[in-house]
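This report is for a reader who is new to the structure. Please look over the sequence and the model first, then read the sections below in order.

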Amino acid sequence: MFAGFVSALRNEGVKVSLLEYLMLLNGLKQQVALYDVEDFYFLARASLVKDERLIDRFDRVFALYFRGLQAVHGAILAEIPEDWLKQLAERFLTEEERAAIQRLGGLEKLMETLRQRLMEQQGRHEGGSKWIGTAGTSPFGAYGDNPEGIRIGQASSRRRRAVKVWDKREFRDLDGDVELGTRTLKLALRRLRRWAREGEADELDLGGTIHATAANGGCLDLQMRPERHNKVKVLLLLDIGGSMDDYIEESAQLFSAARAEFKHLETYYFHNCPYEALWRNNRRRHDQTTPTIEVMNTYGPDWKLIFVGDATMSPYEITEPGGSVEHWNAEAGAVWMARLLKRFRSAIWINPRDPRAWDGTSSARLLRQVMEGRMYPLTLDGLEAGLKELQRGR
Amino acid sequence: MVPPVRLRGIYMTERPQTQRLRFASTDRYIATRDLEVAVNASIALERPLLVKGEPGTGKTVLAEEVARALGLPLIQWHIKSTTKAAQGLYEYDAVARLRDGQLGDEKVHDIANYIKRGKLWDAFAADTPVVLLIDEIDKADIEFPNDLLQELDRMEFFVYETKETITAKRRPIVIITSNNEKELPDAFLRRCFFHYIRFPDKETMERIVAAHHPNIKQELVREALHLFYDMRDVPGLKKKPATSELLDWLKLLMIEDIPLEVLRAKDPKVVIPPLHGALLKNEQDVHLFERVAFLARRGQ
């Protein structure tokens with residue numbers, strides 16, 4: 001019945017399985033949701049989406065797929081604040097259209113046109129797998145200067161959307177935090193170590209048990225000892241050169257010090273944004289590169305991916321083919337980022353710059369969006385939050 | 001290969017309508033419409049409901065209230081980091097048996113004496129349907145949910161020691177909460193309904209407060225909510241106060257009989273609200289809030 005809806009969801013990255021689809025159909029059969037669009041929406045959401053981070057995508061697909069359902073759209077439209085509409089009107093409607101609306105003289109008409117315009121543009125915009133399309137087709141322009149664009153998504157369905165986890169993280173105030181220096185490096189290391197050594201449990205200490213049982217006159221005396229795990233595998237991608245020079249030392253210092261703590265730690269370098277090639281030795285970056293595809297194929301999805309970079313560059317280096325400052329890249333940085341993130345689902349970006357500067361840099365905003373908010377400062381708190389994210393292991 | 005599909009739900013439609021259990025907001029627990037739908041879907045299809053959300057938004061309370069509203073007993077299984085899936089089914093205390101064997105106890109001949117029932121067994125063995133709460137499933141080892149797949153799906157398990165199969169007499173209503181500390185495995189998620197409890201908006205919050213403190217003065221609530229949402233808006237709080245903290249705070253305000261004026265007061269000396277200890281749980285947050293409040297006052 002809703003096979004098209006399910007495949008639309010899958011295209012957007014909400015991996016709905018047959019089982020879940022049948023659950024939804026069964027729910028309908030059981031009359032959990034009866035003659036009510038909202039109930040149907042709730043039921044579909046509860047049965048098809050299992051991750052609050054995907055609810056947003058689900059909402060978008062739902063809105064597009066069930067476009068005809070007036071009630072839903074009524075509800076969504078009603079929540080767009082009026083001043084925002086006016087702003088949009090100026091932005092999206094041409095002179096003639098505005099004049100026409102003046103002649104018609106109705107806000108309803110205005111909203112209708114706007115809605116069509118938005119639907120149309122969202123459709124085109126979301127065609128890609130990520131929010132960042134190529135510049136011309138996105139309604140939100142070159143992303144850099146459109147905080148409004150981002151708010152569009154939130155305002156339009158705020159009511160039905162789970163609070164995004166990453167939204168909350170964005171506001172983390174770092175005033176009280178210390179920049180990571182030599183003094184705090186040890187502390188950070190301890191956190192990394194704790195992470196690497198995680199793993200609960202109890203293991204039978206056979207030698208100890210035999211000893212204790214003998215000492216106990218033959219009565220069994222079990223001895224347990226904590227298990228030691230060290231199975232974390234880390235793939236570290238370091239931004240090097242240009243604006244990163246100020247930070248590269250402390251970043252490298254931190255992770256090379258941590259090397260002993262991980263079972264596997266592999267380091268590659270990139271410049272500004274990863275493209276089709278990475279390199280291991282920065283001095284020989286031009287003659288000894290490794291294709292990114294090869295790196296992705298070498299290390300399995302259980303590897304944790306950590307980017308370290310200041311995410312400061314021209315936005316075109318992320319969004320456009322040929323945007324790289326050093327060479328001609330056939331595919332945009334965002335494409336490569338998306339591939340990497342698809343392969344290594346457990347990934348974070350550590351940014352040594354002051355987080356207060358992130359929002360002022362469009363490339364940092366862009367990358368944070370690509371990372372779905374998983375960008376953390378190189379401070380104790382930031383590291384802790386980042387490692388916690390990695391620990392959750394997607 | 002197409003996975004085997006179980007069509008249990010389809011037969012259930014033949015059940016008379018009156019028998020079906022339905023959950024709705026109660027006088028004590030305010031559930032939003034989406035939560036009601038999710039709970040009812042999970043009851044109707046007899047599948048677990050996974051509830052996530054900020055701490056303090058009423059995930060655990062939900063199970064209690066579902067049990068109360070439906071008039072069913074509640075079995076709670078609180079998960080710790082050391083909890084193993086098998087402990088929910090049963091535990092065979094081999095060490096005790098060995099010891100009894102050494103001491104020549106008669107009990108030792110019957111292995112059943114050393115099998116301790118777990119919470120799932122209790123739930124399966126109950127004659128009436130029960131509500132089973134598996135609380136904070138993310139605390140356990142990452143493989144924990146996978147180990148419970150069959151048991152929650154089929155609602156049966158096998159006891160190796162006594163060679164018996166325990167099957168649920170009536171399928172329990174399973175509610176699972178998670179604080180999102182670990183990602184749960186896909187195979188597990190696919191078998192659940194999912195609901196994310198959002199932080200309630202002001203309107204819902206007023207209903208929640210009214211449900212908990214029916215005799216409270218309306219103005220006090222309004223002022224308190226105002227302060228509360230302001231507080232949540234302060235960026236950078238390590239732990240934002242949630243519903244449960246608000247309810248505690250209101251209770252304290254009522255007990256201490258704090259007059260309305262105090263909440264409203266713009267006295268520059270008193271920068272943070274009275275009894276803030278109920279809302280802010282660590283001193284960094286208190287300091288941060290003091291600073292922000294102080295700056296805000298100065299700006300006025």
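## A loop residue in chain B

Ala24(B) sits in the loop that joins H1 and H2 of chain B. The model described here is a predicted one. Within 10 Å of Ala24(B) there are 11 other C-beta atoms, so this residue is exposed; the cut-off for exposed is 12 or fewer.

Ala24(B) can also be placed relative to Asn40(B), which is 16 residues away along the chain. The C-alpha atoms of the two residues are separated by 8.6 Å.

## Chain A in outline

Chain A contains 18 helices and nine strands. It has 394 residues, of which 31% count as buried. Among the contacts in chain A with a separation of 6 or more, 68% are between residues 24 or more positions apart.

## Two helices of chain A

Helix H1 of chain A covers residues 3–11, and helix H4 of chain A covers residues 55–65. The two pack at an angle of about 140 degrees, and their axes are 10 Å apart. H1(A) and H4(A) are therefore oblique to each other, since an angle counts as roughly antiparallel over 145 degrees. The crossing of H1(A) past H4(A) is right-handed.

Which residues make the contact? H1(A) contributes Phe5(A), Ala8(A) and Leu9(A), while H4(A) contributes Phe58(A), Val61(A) and Tyr65(A). By type, the residues of this contact are six nonpolar, no polar and no charged.

## Where the chains meet

The contact between the chains draws 35 residues from chain A and 40 residues from chain B. On the side of chain B that touches chain A, the elements giving two or more residues include helix H1 (8–12), helix H2 (33–45), helix H5 (94–103) and strand S9 (193–197) of chain B. Helix H9 (186–190) and helix H14 (283–299) of chain B also belong to this list.

H2(B) gives the most to this side of chain B, with eight residues. The residues of this side divide into 20 nonpolar, nine polar and 11 charged.

## Nonpolar cores

The largest nonpolar core has 70 residues. Those with the most contacts inside this core are Leu43(A), Leu49(B), Val66(B) and Ile175(B). H2(B) supplies the largest share of the core, eight residues.

Leaving aside residues up to four places away in sequence, Val66(B) touches Phe23(B), Val39(B), Val131(B), Ile173(B) and Ile175(B). Another core, of 44 residues, lies apart from the largest one. Among its residues are Leu237(A), Tyr275(A), Ile318(A) and Ala334(A).

## Two residues with positive phi

Most residues other than glycine have a negative phi. Ala311(A) is not a glycine, yet its phi is positive, at about 55 degrees. This residue lies in the loop between strand S7 (304–308) and helix H15 (316–319) of chain A. Is Ala311(A) buried or exposed? Ala311(A) is buried, because 27 other C-beta atoms lie within 10 Å, and 20 or more are needed.

Glu372(A) also has a positive phi of about 55 degrees and is not a glycine. The loop that holds Glu372(A) runs between helix H17 (362–370) and strand S9 (375–377) of chain A. Glu372(A) counts as partly exposed because it has 15 C-beta neighbours inside 10 Å.

Key: Residues are numbered from 1 along each chain as its sequence is written. Chains are lettered from A and ligands numbered from 1 in the order in which they are written. This is a predicted model: local features need pLDDT of at least 70, side-chain atom pairs count only at pLDDT 80 or more; totals for chains, interfaces and linings use all residues. Axes are lines fitted to C-alpha atoms, for helices over the stretch in contact, and angles run from 0 to 180 degrees between N-to-C directions. Helices (H or I, at least four residues) and strands (E, at least two) are DSSP runs, numbered from the N terminus. Angles under 35 degrees count as roughly parallel, over 145 as roughly antiparallel, 65 to 115 as roughly perpendicular and the rest as oblique. A crossing is left-handed if the near helix is turned anticlockwise from the far one by less than a right angle, and right-handed if clockwise. Two residues are in contact if their C-beta atoms, placed from the backbone, lie within 7 Å. Ala, Val, Leu, Ile, Met, Phe, Trp, Tyr, Cys and Pro count as nonpolar, Asp, Glu, Lys and Arg as charged, and the others, Gly among them, as polar. A nonpolar core is a set of buried Ala, Val, Leu, Ile, Met, Phe, Trp, Tyr and Cys residues joined through C-beta atoms within 7 Å.
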